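I opened this notebook to record what I looked up in the structure, entry by entry. Each entry keeps to one place or one element.

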Amino acid sequence: MSKFQHLDCCVPVEADNPAIVKNNDLCALCGHCLAVCQEEIGVQLHYDLLKNHDTAICINCGQCSANCPEEAITVRSECQAVKDAIRDPNKIVVFSTSPSVRVGLGDAFSDQPGRYVEGKMVAALKALGADYVFDVTFSADLTILEEGSELIRRITTGSAPLPQFTSCCPAWVKYVETFHPEFIPNISSAKSPIGMQGPTIKTYFAMKKQLDPSRIVNVVVTPCTAKKAEIRRPEFNAAGRLLKRPEIRDNDYCITSKELAHWLQEEGIDFNDLPDLPFDDILGKGTGAGVIFGNTGGVMEAALRYAYEVLTHQKPPETLLNFTPVRGMTGVKEASIDVAGLTLKIAVVYGTENADKFLQGDVSQYHFVEVMTCPGGCISGAGQPQCHSIPVTDAIRMQRIASLYSEDERMTLRNSCDNPEIQTIYREFYKEPLSPISEALLHTSYYDRKLEK
Ligand code: SF4
Ligand code: SF4
Ligand code: SF4
């Protein structure tokens, strides 16, 4: 006998789930949450709740909430804690915004989905009381240098198994830890961009500005509910361990684009009337490669641009700057590419149920595989505004993706290694990718969650 109700049509949600909250009183028993969790996310299909001691398994992707028409499942809000930090004169509140927030946030304030609202987003956070606003595209570039260097090392030295899987999606990482621990050695040890941004702010940025890191409150603004769980992984206090103050967390709070939109509406801030403001310096610049991290295929394209330049010592050609085989809303995409005498075989997958099926095939033929949990990638993370449609449609997803690609095309710097702030931070602090200090702050490890099947 389970403690959960209506398991034939609803997903079970534990009371301490860090990402989502369920209110059974609002549930209309429509079955949409269970359908998405089984058919697209592949979680409720692959375990027996009672054999798992009646403990619900959840990878915190939030897609059940994005598909719930009654708001019976909602995102767990952290806005109040952030407001309290802003009111505390001893705290320095630093916001870092993920690449896809800038093409989702505007959907809450207009009927035109996918508007590129980067400048207004920064102005909105400043209006709410941010001391600094940084760009996670900076750390997306940092991720590419670390993850790309790790891939090259795996290929050239056999230091770890191939294919290398991307690690930027915490729901995917938890999926592997739970259902396919045999593939844990294949996941890149590089943290997600947000996982890198947090410790970099509390060490390098604090040092440059001569700030006490215990006064800094790091708030990540994301499309993603799984990041609420990721920032609470016990080992995500790398800055604290380095500084010998282990109580310091790398990131303190995670709010979604939707939470930010509600907060702005509550405060009566006219989003569309805000000026365009730039990000703050030191961690405020990203390249086009960092921008496209927000959509399916974007991490792969960014990594290929970097790997090409490292392996050939030449700038990536136009075909790699617009690498169409990994673009678009197909659940599994594959391609081969010749680089410096190597034929790299790659795959791009979204949806963890698609990934589950992919893992049952011959994965050993691939060198690098990108997996994101949400349909189309982070642009349709469960924390993005709904844009009058539950769930958001593929047409809306394509508009958000197009908006990120057109920004990438508009930018003059499109390869992560060309980012001047990244070049500076390696010169002044991290030394080189995979250096001891990079390993300490920017890399992590994973564990087998030992599911009883
Ligand atoms: S989608 Fe919402 S309303 Fe429908 S069964 Fe699930 S929780 Fe209930
Ligand atoms: S958050 Fe994701 S994994 Fe968890 S119940 Fe909802 S759809 Fe399933
Ligand atoms: S695809 Fe992006 S938004 Fe969705 S769970 Fe993964 S990291 Fe979060």
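Conventions. I am working from a predicted model, in which local features need pLDDT of at least 70 and side-chain atom pairs count only at pLDDT 80 or more, while totals for chains, interfaces and linings use all residues. Residues are numbered from 1 along each chain as its sequence is written, chains are lettered from A and ligands numbered from 1 in the order in which they are written, and side-chain values use heavy atoms, with hydrogens and water left out.

Entry on S149. I looked up S149 and found it in helix 5 (residues 136-157), where helices (H or I, at least four residues) and strands (E, at least two) are DSSP runs numbered from the N terminus. S149 has a relative accessible area of 13% and is therefore buried, given that buried means under 20%, exposed over 50% and partly exposed in between, with a 1.4 Å probe and protein chains only. Leaving out residues up to four places away in sequence, I noted that S149 touches I144, Y306, P433 and L434, contact meaning heavy atoms within 4.5 Å.

Entry on helix 6. I checked residues 170-179 and noted that 10 of the 10 residues of helix 6 are buried, so this helix is largely enclosed by the rest of the structure. Its buried residues pack against helix 1 (32-41), strand 5 (164-165), helix 8 (226-230), helix 14 (352-359) and strand 10 (368-372).

Entry on backbone geometry. Most residues other than glycine have a negative phi, and most peptide bonds are trans. Against that, I found a cis peptide bond between L162 and P163, with omega about 0°, and P163 sits in the loop between helix 5 and strand 5. L29, in the loop between strand 1 (20-22) and helix 1, has a positive phi near 55° and is partly exposed, with a relative accessible area of 40%. E71 also has a positive phi, of about 55°; this residue is in the loop between helix 2 (63-66) and strand 2 (73-75) and is exposed, at 57% relative accessible area.

Returning to E71, I asked which residues lie closest to the centre of the largest pocket. A pocket is an open set of points on a 1 Å grid over the protein atoms alone, where a 1.4 Å probe fits, with protein on both sides within 12 Å along at least five of seven lines; lining residues have an atom within 4 Å of a point.
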